[in-house]
Amino acid sequence: MTTHEDTSTRTEAVHEEARIVVRTGPGKFVADTRAVFVREILLMLRDPFTLIFSLLQPLVFLGLFAPLLTGTFGGTGMSTADTLQWFVPGVIVMISLFGTSMTGSNLLYELMTGSYERVLATPLDRSAILVGRALKEFAPLVVQGLLIAVLCLPFGFRFNPLHAVAALVLLGVFGVGVGALSYALGLAAKNREWLFWGVQQALIFPLLILSGMMLPLEAGPGWMQVAARFNPLTYIVDAERALFAGNVTDPVVLWGVLAAAVTCAGGLFVGIRTTRHAT
């Protein structure tokens, strides 16, 4: 009787092991990224006030800058619709940049509470942690960007849904790279929040201004136009404007894709390397 029960137990154990699927390679990366993303997004949805409040900033920029730009460009024959067609994609890039660059800030909080160490104790892929967290920061920004675009429709702004999706995918690739770099900065600035915020603020505003996101650089000094060529955000902004306008074949789209890919690859390389050294 005992022998029969032991055989039965072993048989069940073998069947149980057969049902366990150990993912490796790309399958594990995708599954781990999804797990991290779902965990992070559920935490955010429990506090929707943050998402609603973050929408106010781009609306303020739209409400204050758009009339100024319309007045400035009015003498050149640009209407309110033309101004919005130029300005709205820049605002969408701006909220994406602000959001993904905050990835390291959230990490600093987890480092203080000890929850980050618990995440590292799991068998999650390190690159999946980076990508999942960056996508969590980017996902609500997609909703915000689309909402802003829809709100501008009555004022003459136009976009093709398929082209808008392509623009957001491009922005997502860029955002993953920025989020990974912010993550690496958060690890480097462990227990020194002032260092994270100092570096983040020192970089983000020059990148914004030198991308021509808020104001055109054509009327600026020559040195600013030269500096803008070395700013990857410049090519992202130009590509977003072309895609939202429906100019898919415009060469600036290709440059934007290249800038997004380089930023994503560079960010993941730095982020993963920093994570491994920190642990």
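Taking a disulfide as a pair of cysteine sulfur atoms within 2.5 Å, the count for this protein comes to zero. Cys 152 counts as buried because its relative accessibility is 6%, and Cys 264 counts as buried because its value is 15%.

The model is a predicted one, in which local features need pLDDT of at least 70 and side-chain atom pairs count only at pLDDT 80 or more, while totals for chains, interfaces and linings use all residues. Residues are numbered from 1 along each chain as its sequence is written, and side-chain values use heavy atoms, with hydrogens and water left out.

As to the overall fold, the protein has 13 helices and zero strands, where helices (H or I, at least four residues) and strands (E, at least two) are DSSP runs numbered from the N terminus. Of its 279 residues, 41% count as buried. If contact is taken to mean heavy atoms within 4.5 Å, then among contacts between residues at least 6 apart in sequence, 79% join residues at least 24 apart.

The unreviewed UniProt entry carries the annotation "transmembrane region" for residues 49-66, 86-109, 138-157, 163-187, 194-215 and 252-272; the positions follow the numbering used here, feature names are shortened, and such annotations may be inferred rather than shown by experiment. Within the model, residues 138-157 are 70% helix and 0% strand, with the end C-alpha atoms 23 Å apart, and residues 194-215 are 73% helix and 0% strand, with the end C-alpha atoms 30 Å apart.

Thr 33, in helix α2 (residues 26-45), counts as buried because its relative accessibility is 9%, and, leaving aside neighbours within four places in sequence, Thr 33 is in contact with Ala 128, Val 131, Gly 132 and Leu 135. Ala 149 belongs to helix α8 (residues 126-151) and counts as buried because its relative accessibility is 0%. With the neighbours within four places again set aside, Ala 149 touches Val 88, Phe 157 and Phe 159, while its C-alpha atom is separated by 9.6 Å from that of Gln 85, 64 residues away along the chain.

Rolling a probe the size of a water molecule over the atoms shows where empty space is left. On a 1 Å grid over the protein atoms alone, a pocket is an open set of points where a 1.4 Å probe fits, with protein on both sides within 12 Å along at least five of seven lines, and lining residues have an atom within 4 Å of a point. The second largest pocket holds about 420 Å³ of space, and of the 20 residues that line this pocket, the closest to its centre are Leu 97, Val 178, Leu 181, Leu 203 and Leu 207. Helices α9 (161-188), α10 (193-209), α12 (232-244) and α13 (251-278) each supply at least two residues of the lining. By class, the lining has 13 nonpolar, seven polar and no charged residues, where Ala, Val, Leu, Ile, Met, Phe, Trp, Tyr, Cys and Pro count as nonpolar, Asp, Glu, Lys and Arg as charged, and the others, Gly among them, as polar.

Definitions and conventions: Buried < 20%, exposed > 50% of the residue type's maximum accessible area, 1.4 Å probe, protein only. Points joined across faces, edges and corners; volume = space filled by probe spheres on them.
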